[in-house]
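Work through the exercises below with the sequence and the model open. Each task is followed by a solution in steps.

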Amino acid sequence: MDKVYTGCFVPSDGGGGMEINMEEKILVTRSSMPSMEEYIDMIRPLWDSHWLTNMGELHKSLEVKLKEYLQVQGLSLFVNGHMALELAIAAMHFPPGSEVITTPFTFISTTHAIVRNGLQPVFCDIKTSDYTIDEDKIEELITDKTVAIVPVHVYGQICNIEQIKLIAEKYNLKVIYDASHAFGEIYKGEGVGNFGQVSTFSFHATKVYNTIEGGAVCFSNPDLYTTLYNLKNFGIRSEEVVAEVGANAKMNEFAAAMGLCNLKHIEQEIAKRKKVVEKYREILGTVPGLRILPEQTDVTSNYAYFPILIDETRFGRTRNEVYDLLKTYDIYSRKYFYPLTSDQACFRNRYRGLPLQNARYISARVLVLPLYADLSLDDVERICRIILEGESGCR
Ligand code: T4K
């Protein structure tokens with residue numbers, strides 16, 4: 001049987017699989033967690049109530065608190081970010097076979113959410129300035145079958161919200177933002193979840209803010225609360241009435257408890273991430289052949305990811321060489337997002353011929369460096385030294 005890569009094995013050891021000693025290795029990220037005592041205090045009441053899921057007290061409380069923190073008008077919790085996005089699209093009731101313009105430079109979830117709704121993804125190129133969908137190339141892809149745009153605030157880089165809104169209004173399209181990477185970001189004074197018909201977030205263990213697994217859909221139309229509730233709870237209206245066809249995509253109480261605990265520390269976590277990013281910027285910011293995304297104006301960043309773009313002709317080493325080099329020091333960067341989702345094997349060459357020039361250029365050269373709140377600045381310096389000095393970098 002083929003080995004299944006779970007993320008707990010080093011994949012580069014010739015297929016043998018070596019168990020990771022979490023204490024020695026530096027992985028691309030590390031889940032933020034509250035103290036065990038804090039979490040236990042939060043889940044203790046569950047042993048009295050025996051109410052573990054189906055919109056329990058902790059779920060209700062988290063929904064209220066997140067709505068406040070994210071500064072949005074409406075919010076619905078989900079079992080994970082993928083189901084939040086997939087069911088947010090389902091809530092729009094698009095005719096099967098309709099076209100949805102989206103980016104190929106994202107995690108596969110974005111594309112799967114479109115395809116699993118019976119819709120056709122139409123891939124638009126991205127900008128080299130911030131790696132988000134190129135708003136100037138959207139209009140030429142619109143046909144009479146186009147119903148929506150699904151842009152992604154990739155790495156927490158905010159898309160050109162104003163321009164996308166204008167295009168959507170002109171052609172009567174819905175906008176569904178995949179804001180999985182943009183938790184807590186503020187754009188021009190507004191919570192980033194306020195844009196488009198809906199914006200969806202991921203609270204996966206690898207994200208700035210986690211509920212172990214979890215996600216949310218944010219919206220301003222209050223009717224969407226009931227629509228989404230039905231979609232995530234089998235369409236059950238009452239004990240004897242199932243009004244719609246729905247899935248099971250509810251967040252459970254243990255996940256909500258983790259979310260309530262992590263929310264108490266989120267500001268400190270983001271502040272620590274900021275320090276890590278500042279150190280990376282200080283050391284790598286002016287190196288010829290390395291490109292670091294500039295901070296976006298008008299955005300309060302959450303410091304979710306630290307991608308560098310490696311131009312091998314000027315830097316002297318390819319992205320893959322830097323990735324492999326770091327690995328020899330037990331440092332695990334990631335090629336988020338390579339390959340493009342449009343090129344993935346599951347689509348059987350259907351979209352392979354698309355030009356997507358910028359997306360291909362970036363996807364072949366980008367490397368996401370380790371970033372988490374407790375990554376020490378000494379480790380950041382060591383990672384940078386290895387990147388800059390190669391084999392002579394310190395051990
Ligand atoms: N849209 C976008 C744009 C997304 O990026 C994502 C998810 C989604 C939608 C869907 O949201 P979710 O349904 O996942 O909520 C990871 C995450 O699983 C995924 O959530 C994330 N995007 C994607 C970018 O990254 P992998 O396969 O790279 O994860 P994995 O298991 O290799 O973990 C990466 C590192 O994180 C590990 O080396 C160590 C650390 N880690 C991992 C886990 C699982 C922890 O510290 N704790 C953990 O529990 O996909």
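This is a predicted model: local features need pLDDT of at least 70, side-chain atom pairs count only at pLDDT 80 or more; totals for chains, interfaces and linings use all residues.

Residues are numbered from 1 along each chain as its sequence is written, and side-chain values use heavy atoms, with hydrogens and water left out.

**Exercise 1.** Describe the second largest pocket by volume, lining and residue class.

Solution. 
- Step 1: A pocket is an open set of points on a 1 Å grid over the protein atoms alone, with protein on both sides within 12 Å along at least five of seven lines; a cavity is a set where a 1.4 Å probe fits but cannot get out, and lining residues have an atom within 4 Å of a point.
- Step 2: The volume, the space filled by probe spheres set on points joined across faces, edges and corners, is about 290 Å³ for this pocket.
- Step 3: Its lining has 14 residues, with K165, E169, V175, G196 and Q197 nearest the centre.
- Step 4: Helix 6 (161-171) and strand 5 (174-178) each supply at least two of the lining residues, and helix 6 gives the largest share, six. Helices (H or I, at least four residues) and strands (E, at least two) are DSSP runs numbered from the N terminus.
- Step 5: The lining divides into seven nonpolar, three polar and four charged residues. Nonpolar covers Ala, Val, Leu, Ile, Met, Phe, Trp, Tyr, Cys and Pro, charged covers Asp, Glu, Lys and Arg, and the others, Gly among them, are polar.

**Exercise 2.** Is H153 buried or exposed, and which residues does H153 touch?

Solution. 
- Step 1: H153 sits in the loop between strand 4 (146-150) and helix 6.
- Step 2: Its relative accessible area is 0%, so H153 is buried (under 20%; exposed is over 50%, partly exposed in between; 1.4 Å probe, protein chains only).
- Step 3: Leaving out residues up to four places away in sequence, H153 touches I158, C159, I161, Y177, D178, A179, H181, A182 and V192 (heavy atoms within 4.5 Å).
- Step 4: The H153 side chain reaches the backbone nitrogen of C159 at 3.1 Å.

Notes. A polar contact is a pair of N or O atoms within 3.5 Å; within protein, one must be able to donate a hydrogen and the other to accept it, and residues adjacent in sequence count only if both atoms are side-chain atoms.
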